[in-house]
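Let's take a friendly walk through this structure, one piece at a time. Have the sequence and the 3D view ready as you read.

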Amino acid sequence: MAHTNQAKKRIRQAEKQRLHNRTVRSDLRTHIKSYRVAVAKKQDGADKLMATVESKLDKAAKRNVIPTARANRIKSRLKRMATKQA
């Protein structure tokens, strides 16, 4: 257990940040899944969904929720999946 006030505060901050990051990652996974379903069913709004997913990935990477390389890799794979389906 932490003894100093500084250590106790860092524990509180870390827990708060962990919960926030978890919601961001969950939202990201939800949007990626909806995009994959839209591409698989060849729906019209897939382009708009890709723009949303790309934006969310970039924001998550910028805020260090996920690594930048992972965000780029996911975007690349999603775009490649869309071109194979077409």
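Asn64 sits in the loop between H2 and H3. (Helices, H or I in DSSP with at least four residues, and strands, E with at least two, are DSSP runs numbered from the N terminus.) This is a predicted model, in which local features need pLDDT of at least 70 and side-chain atom pairs count only at pLDDT 80 or more, while totals for chains, interfaces and linings use all residues. Residues are numbered from 1 along each chain as its sequence is written, and side-chain values use heavy atoms, with hydrogens and water left out.

Most residues other than glycine have a negative phi. Asn64, although not a glycine, has a positive phi of about 60 degrees. Asn64 is also exposed, with a relative accessible area of 66%. (Buried means under 20% relative accessible area, exposed over 50%, and partly exposed in between, with a 1.4 Å probe and protein chains only.) Now look at the loop between H1 and H2, where you will find Lys42. Lys42 has a positive phi too, near 55 degrees, and is not a glycine. With 58% relative accessibility, Lys42 counts as exposed.

Setting aside residues up to four places away in sequence, Val65 touches Asn21, Val24, Arg25 and Ala60. (Contact means heavy atoms within 4.5 Å.) Val65 and Asn5 are 60 residues apart along the chain, and 26 Å separates their C-alpha atoms.

## How H1 meets H2

Two packed helices are described by the angle between their axes and the distance between the axes. Axes here are lines fitted to C-alpha atoms, for helices over the stretch in contact, and angles run from 0 to 180 degrees between N-to-C directions. Helix H1 covers residues 5-40 and helix H2 residues 46-62; their axes come within 9 Å and cross at roughly 155 degrees. That angle makes H1 roughly antiparallel to H2. (Angles under 35 degrees count as roughly parallel, over 145 as roughly antiparallel, 65 to 115 as roughly perpendicular and the rest as oblique.) The crossing of H1 and H2 is left-handed. (A crossing is left-handed if the near helix is turned anticlockwise from the far one by less than a right angle, and right-handed if clockwise.)

On the H1 side, the residues in this contact include Leu28, Ile32 and Tyr35, and on the H2 side they include Leu49, Val53 and Leu57. Sorted by class, the contact of H1 with H2 has 12 nonpolar, 3 polar and 2 charged residues. (Ala, Val, Leu, Ile, Met, Phe, Trp, Tyr, Cys and Pro count as nonpolar, Asp, Glu, Lys and Arg as charged, and the others, Gly among them, as polar.)

## How H3 joins in

The axes of H2 and H3 come within 8 Å and cross at roughly 170 degrees. H2 and H3 are therefore roughly antiparallel to each other, and their crossing is right-handed. Among the residues making this contact are Met50, Val53 and Leu57 of H2, with Ala71, Ile74 and Leu78 of H3. By class, the contact of H2 with H3 has 7 nonpolar, 1 polar and 4 charged residues.

What about H1 and H3? Their axes are 10 Å apart, at an angle of about 15 degrees. H1 and H3 are therefore roughly parallel to each other, and their crossing is left-handed. Ile32, Tyr35, Arg36 and Val39 of H1 make this contact with Ile74, Leu78, Met81, Ala82 and Gln85 of H3. These residues divide into 7 nonpolar, 1 polar and 1 charged.

Thr83 is found in helix H3 and is exposed, with a relative accessible area of 58%.

## The nonpolar core

How many residues does the largest nonpolar core have? This core has 15 residues, and those with the most contacts inside it are Leu28, Ile32, Tyr35, Val53, Leu57, Ile66 and Leu78. (A nonpolar core is a set of buried Ala, Val, Leu, Ile, Met, Phe, Trp, Tyr and Cys residues joined through side-chain atoms within 4.5 Å.) H1, H2 and helix H3 (68-85) each supply at least two residues of this core, and H2 gives the most, with 6 residues.

Leaving out its neighbours within four places in sequence, Tyr35 is in contact with Ala46, Leu49, Met50, Val53, Leu78, Met81 and Ala82.
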